[in-house]
Amino acid sequence: MEYRRLGSSGMYVSEIAYGNWVTHGEQIDQDAATACVRAALDLGITTFDTADAYAGTRAESALGEALEGVRRESVEVFTKVYFPTGEGKNDRGLSRKHVMESIDGSLRRLRMEYVDLYQAHRYDYETPLEETMQAFADIVHAGKAHYIGVSEWTVDEIRAAADLARELGIQLVSNQPQYNMLWRGIEPEIVPLSQELGIGQVVWSPIAQGVLTGKYLPGRSAPAASRFSTAEGAVKADHRYMQPAVLERVQALRPLAEEAGLSMAAFAVAWVLQNENVSAAIVGASRPEQLKDNATAAGVVLPPEVLARADAVLGDVVERDPAKVESFLERP
């Protein structure tokens, strides 16, 4: 495993992080979750990403149990706040009330006294940014989080938050966007701004929700129980990743992965890690062997000519428009 600094902070994270969205508390039971976490640790993965809303708060609980007995200082644990965790009007968003109550709930479920990174899961258009940032500052100053981050915020929102963070004496060190070979809208604006501000990307969906593994074949039925399969086994063709042109181009990446000595999934993760502004790539797994495969991407250097060939293969199926990133974000 290789390790990178999280943005301009002094904290190192494993460049492969293990995330438990849609796995812990939903797809797999506690024994399987613990097995995956222990496999991650054996592989040198020290960074774990979760959120209070994942699996209705069960994902945090599962991670906390899986890490029981692990030396706290040997891992970096990230969680997030914003999405609903209850039925009440104040059970969501980034108000001071919800943020302060949510960090305490997360710490109880994680069985920890602090998290290493506390992230705003989306931007809250109903709460003044000053209120949110003051709450985050109070959490850091109370020792309940070391650093703060955001997820899927726009350029203007990130800059405003970074300015307020400096005024409040805390560090905004990370952004968690979707980023992979097919979805590259952060490159024109968010990455340059992040480099300027000392913010690192902790990216999710590096294998495009499984599409870049090559398991979805043009004109074929989807694998059983896969993310993009219908109850009848057909492909959910309305998703942009499931378009025939996209699936055909993805299959054409296979020779590049083979030349690099990597699986398609590991090649996709390695591609993400070639971006110097990426601090970590979050991978999910429901079985330990999936983590072992993804971890082979750590430390891989893909030559410029390989990156150029991948660009040429994918061509115009790649989404590069920053406006598409903003359209993905939640709006009132």
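**A histidine and its surroundings**

Guide: His121 is in contact with Ala51, Tyr54, Lys80, Val81, Tyr82, Phe83 and Ser151, when neighbours within four places in sequence are left aside; contact here means heavy atoms within 4.5 Å. The model is a predicted one, in which local features need pLDDT of at least 70 and side-chain atom pairs count only at pLDDT 80 or more, while totals for chains, interfaces and linings use all residues. Residues are numbered from 1 along each chain as its sequence is written, and side-chain values use heavy atoms, with hydrogens and water left out.

His121 lies in the loop between β6 and α4. Helices (H or I, at least four residues) and strands (E, at least two) are DSSP runs, numbered from the N terminus. With a relative accessible area of 7%, His121 is buried; the term buried means under 20% relative accessible area, exposed means over 50%, and partly exposed lies in between, for a 1.4 Å probe and protein chains only.

One of the contacts of His121 is Tyr82, a residue of the loop between β5 and α3. Tyr82 also counts as buried, at 5% relative accessibility. Most residues other than glycine have a negative phi. Glu152 likewise has a positive phi, of about 60°, although it is not a glycine. Glu152 lies in the loop between β7 (145-150) and α5 (155-168), and it is buried, with a relative accessible area of 3%.

Strand β5 (76-81) contains Glu76. At 9% relative accessibility, Glu76 counts as buried. Leaving aside neighbours within four places in sequence, the contacts of Glu76 are Met11, Tyr12, Val13, Ser14, Thr46, Thr47, Phe48 and Asp116. The C-alpha atoms of Glu76 and Ala295 are separated by 17 Å, and the two residues are 219 residues apart along the chain.

The account now turns to helix α3, which comprises the 15 residues 96-110. At 1.5 Å a residue this helix should span 21 Å, and its end C-alpha atoms are 21 Å apart, which agrees; the expected span is 1.5 Å times one less than the number of residues. The buried residues of α3 are His98, Val99, Ser102, Ile103, Gly105, Ser106, Leu107 and Leu110. What covers them includes α2 (58-66), β5, β6 (115-120) and α4 (129-141). Just after α3, Arg111 takes a positive phi of about 60°.

Helix α2, one of the elements that cover α3, has buried residues of its own: Ala59, Glu60, Ala62, Leu63, Gly64 and Ala66. The cover of these residues includes α1 (30-42), β4 (47-49), β5 and α3.

The axes of α3 and α4 come within 9 Å and cross at roughly 25°. That angle makes α3 roughly parallel to α4. Axes are lines fitted to C-alpha atoms, for helices over the stretch in contact, and angles run from 0 to 180 degrees between N-to-C directions. Angles under 35 degrees count as roughly parallel, over 145 as roughly antiparallel, 65 to 115 as roughly perpendicular, and the rest as oblique. The crossing of α3 and α4 is right-handed; in a right-handed crossing the near helix is turned clockwise from the far one by less than a right angle, and in a left-handed one anticlockwise. Arg96, Val99, Met100 and Ile103 of α3 make the contact with Glu131, Gln134, Ala135, Asp138 and Ile139 of α4. By class, these residues divide into five nonpolar, one polar and three charged. Ala, Val, Leu, Ile, Met, Phe, Trp, Tyr, Cys and Pro count as nonpolar, Asp, Glu, Lys and Arg as charged, and the others, Gly among them, as polar.

The contact is formed by Val155, Ile158, Arg159, Ala162 and Arg166 of α5 and by Ile190, Leu193, Glu196 and Leu197 of α6. It has six nonpolar, no polar and three charged residues.
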